[in-house]
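Hi everyone, thanks for coming.

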Amino acid sequence: MALKNIRLEVMQTVEKKIDSYIDQYLIPVDEIWQPTDLLPNFQKENYMDEVIQIREEAKELGYDFWIVLVGDMVTEEALPTYESWLMDMEGVDQHGRNGWSKWIRHWTGEENRHGDTLNKYLYLSGRVNMKEVEKTTQHLINDGFEVGTGRDPYRNFIYTSFQELATNVSHNRVGKIAKKKGNKMLAKMCNIIAGDEMRHHLAYREFVKTIFEYDASEMMIAFQDMMQKKIIMPAQNLRQSGGKMASAFDDFSNAAQRLGVYTTFDYIDILEKLNAHWEISKISGLTDEAEKARDYLLKLPSRMLRIAERIKIPQDANRFKWVEPNGII
């Protein structure tokens with residue numbers, strides 16, 4: 001019980017600066033981009049020219065690319081799961097509308113635009129079976145997810161710090177592939193979404209850094225615990241219609257690795273970046289248990305690198321109901 005009280009006290013202390021975090025890391029509604037800024041304007045007479053451009057440019061993108069883009073979009077569309085998960089953290093009072101619930105609502109508002117944008121693009125591209133994609137999205141929301149954080153804010157913020165940067169990497173790489181294939185519209189969408197994800201990563205990373213100042217040992221142990229469990233992706237339970245929960249995730253992940261969109265080496269790189277920013281090696285005054293946790297975290301990247309170098313990624317693309325192999329449905 002005493003441990004829980006310490007966490008709540010720390011959360012309340014950090015919460016006092018929540019408005020400054022919102023001002024620094026989020027953008028007001030009237031100033032931030034909206035999906036319609038990046039998509040054809042159907043109120044203009046030439047809207048069909050832009051739709052035709054989308055469909056023509058989409059023909060240059062390969063099968064694995066569409067699998068990854070659909071997986072990324074579905075991940076973004078499962079936002080109700082993530083908001084309800086964060087709202088359940090210790091220290092968040094959505095009924096009293098405290099500072100943390102304000103942060104989560106505003107973060108959700110920004111994230112919500114990502115799925116809207118990519119969903120509309122996929123629909124207009126004519127390259128995917130949208131009904132099958134929609135079924136996958138509904139399944140992912142129905143199935144929910146368990147990322148090993150419980151209601152602990154320390155573990156939740158470790159997860160979001162890691163995951164937001166992973167999402168930034170993924171969207172950024174997809175954008176680069178699209179640009180290389182001459183698809184400037186999609187490249188711009190992905191790059192702008194990646195920029196949002198980076199701002200969100202910087203915010204959650206700052207939350208953790210601040211908590212380290214108040215409760216270093218418990219935060220260090222929480223960090224170790226999350227890395228021992230492994231940071232699983234929000235789409236871990238991905239499935240297609242008629243499939244079992246989580247049956248499609250490995251194939252989606254393999255496609256991302258084949259494309260170089262998000263790999264095991266990126267996972268390791270993110271861990272190294274977090275270790276460096278939080279100055280894990282320099283934190284003092286730790287308990288014996290936290291010292292052991294620190295040693296584990298500092299040695300983990302090199303240990304994971306040795307394993308990653310031996311992993312072979314399947315080169316054959318498995319068939320997805322989302323995407324027909326021979327072009328437009």
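Which helices each supply at least two residues of the lining of the largest cavity? Keep in mind that this is a predicted model. The helices are α4 (63–77), α5 (79–87), α6 (99–125) and α8 (153–180). Of these, α8 gives the most, with five residues.

Let's stay with that cavity for a moment. By class, the lining has seven nonpolar, four polar and four charged residues.

The largest pocket has a volume of about 900 Å³. Its lining takes in 38 residues, and Ile-231, Met-233, Ser-253, Tyr-262 and Tyr-267 are the ones nearest the centre. Two or more lining residues come from each of α4, α8, α10 (216–229), α11 (249–259), α12 (264–277) and α13 (288–308). Which one gives the most? That is α11, with seven residues. Sorted by class, this lining holds 21 nonpolar, twelve polar and five charged residues.

Last stop: the second largest pocket, with about 220 Å³ of space. Among the residues lining it are Ile-22, Asp-23, His-106 and Arg-113. Here α2 (18–25) and α6 are the elements that give two or more residues, and α6 gives the most, with four. The lining splits into six nonpolar, three polar and three charged residues.

That's my tour, so please turn the model around and ask away!

Notes:
Residues numbered from 1 in each chain as written. Predicted model: local features only at pLDDT ≥ 70, side-chain atom pairs only at ≥ 80, totals over all residues. Heavy atoms only, no water. Nonpolar A, V, L, I, M, F, W, Y, C, P; charged D, E, K, R; others polar. 1 Å grid on protein atoms, 1.4 Å probe; cavity = no way out; pocket = protein on both sides within 12 Å on 5 of 7 lines; lining within 4 Å. Points joined across faces, edges and corners; volume = space filled by probe spheres on them.
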